[in-house]
Amino acid sequence: MRIDVDAFKVLQVLVEEGSFAKAAERLHKAQSAVSYQVKKLEQHLGVNLFCRDQYRAELTPEGKVILAEGQRLLQYLANIEHLASRFSEGWEPKLEMVIDGALPMKPIMRALKRLAELQIPTKVQLNMEFLGGVQDRFERDSADLMLVKDYRTGPYYRPQPLPSITSVLVVSAEHPLAKQKSLSLFELQRHVELTIEDSSADKHYRDELQFGGDKVFYLSGFMMKKNALLMGLGFGWMPDFLIEEELSCGELVEVDFCGGNRYRFTPQLVSTMERPLGRAGRLFTDLIMEEFSAEIGSAEIGSD
């Protein structure tokens with residue numbers, strides 16, 4: 001015989017009301033029905049739940065422990081019913097997104113916070129990769145969205161452009177390149193170039209902005225690259241939203257390269273028609289678009 005889950009609701013009301021008569025009245029049941037439900041639960045568990053020699057309906061020590069577990073079970077069931085109700089409204093169980101670490105995280109985190117505040121049932125998973133690793137993971141994990149600096153397009157991809165971002169060629173103020181003017185490509189190639197390592201398995205991504213010198217240090221993320229730049233280890237491209245303060249105070253300076261020291265790129269928020277976005281995916285897409293527009297527009301990222 002299975003446990004009657006409703007019996008735990010009866011136990012809870014009994015404790016709150018203090019008598020079988022009052023509990024029966026509150027539950028809109030006959031007192032005999034309430035007594036029978038409790039007795040049946042006791043027989044099933046082989047434990048006395050109530051002290052019947054007391055004026056009030058008081059739980060035995062064993063009854064208190066069992067009621068606590070029963071309340072936890074009732075909460076689990078309520079959670080399941082709530083999730084099922086929300087899923088029936090069109091919310092998907094899971095939303096997975098892959099993000100390029102070269103892109104600003106603040107608007108993504110704000111979008112995620114707004115989504116969390118809506119208390120939707122969808123589980124959201126964010127993964128960070130770099131360069132070609134973003135699309136590799138998007139395809140390998142059958143993710144729902146990818147936020148990329150660049151990607152290999154395909155017939156089923158659905159890209160949405162975000163506001164443009166500017167990258168700046170910078171170096172530490174203490175580095176020899178900081179004082180030189182109108183630097184040629186040959187002069188740059190004599191120094192260490194700092195770049196981000198492609199996180200794809202076969203390293204197939206070719207960064208067209210690399211300068212082609214023999215002295216290249218590959219780093220695993222932009223925070224590490226920023227620290228290396230500040231130490232004077234070499235020169236390299238950095239998204240300007242990551243180095244605004246360092247440029248302002250003069251710790252980092254723009255390299256005076258004759259080929260130019262700024263370039264703009266347009267990030268893309270990409271989904272695929274092979275895996276159409278559900279309700280949470282569409283909402284998260286709208287929130288990210290809003291937050292990127294607010295963040296980049298207010299900071300004037302991308303302006304020369």
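Phe130 and Phe222 are both buried. This is a predicted model, so please keep that in mind throughout. The ring centres of Phe130 and Phe222 are 6.4 Å apart with the planes at 45°, so we call the pair tilted.

Next, Phe211 and Phe257. This aromatic pair is edge-to-face, with 5.4 Å centre to centre and 85° between the planes. Phe211 lies in the loop between E8 and E9, and Phe257 in the loop between E11 and E12, so the pair ties together parts 46 residues apart in sequence. Phe211 has a relative accessible area of 10%, and the cut-off for buried is under 20%, so Phe211 counts as buried. Phe257, at 14%, is buried as well.

Phe211 and Phe257 also belong to one aromatic cluster, together with Phe235, Trp237, Tyr263 and Phe265. Over the ring of Phe265 sits the charged end of Lys149, 5.2 Å from the ring centre. Elsewhere, the charged end of Arg275 sits over the ring of Phe138, at 5.1 Å from its centre.

Last, the helices. Helix H1, residues 6-17, packs with helix H3, residues 31-45, at an angle of about 115°, and their axes are 10 Å apart. The crossing is left-handed. H1 contributes Asp6, Ala7, Phe8, Val10, Leu11 and Leu14 to the contact, while H3 contributes Val34, Gln37, Val38 and Leu41. What is the make-up of the contact residues of H1 with H3: how many are nonpolar, polar and charged? Eight are nonpolar, one is polar and one is charged.

Definitions and conventions:
Residues are numbered from 1 along each chain as its sequence is written. This is a predicted model: local features need pLDDT of at least 70, side-chain atom pairs count only at pLDDT 80 or more; totals for chains, interfaces and linings use all residues. Side-chain values use heavy atoms; hydrogens and water are left out. Axes are lines fitted to C-alpha atoms, for helices over the stretch in contact, and angles run from 0 to 180 degrees between N-to-C directions. Helices (H or I, at least four residues) and strands (E, at least two) are DSSP runs, numbered from the N terminus. A crossing is left-handed if the near helix is turned anticlockwise from the far one by less than a right angle, and right-handed if clockwise. Contact means heavy atoms within 4.5 Å. Ala, Val, Leu, Ile, Met, Phe, Trp, Tyr, Cys and Pro count as nonpolar, Asp, Glu, Lys and Arg as charged, and the others, Gly among them, as polar. Rings of Phe, Tyr and Trp (its six-membered ring) pair if their centres lie within 6.5 Å; planes under 30 degrees apart count as stacked, over 60 as edge-to-face and the rest as tilted. Buried means under 20% relative accessible area, exposed over 50%, partly exposed in between (1.4 Å probe, protein chains only). A charge sits over a ring if NZ of Lys or CZ of Arg is within 6 Å of the ring centre and within 35 degrees of the ring normal.
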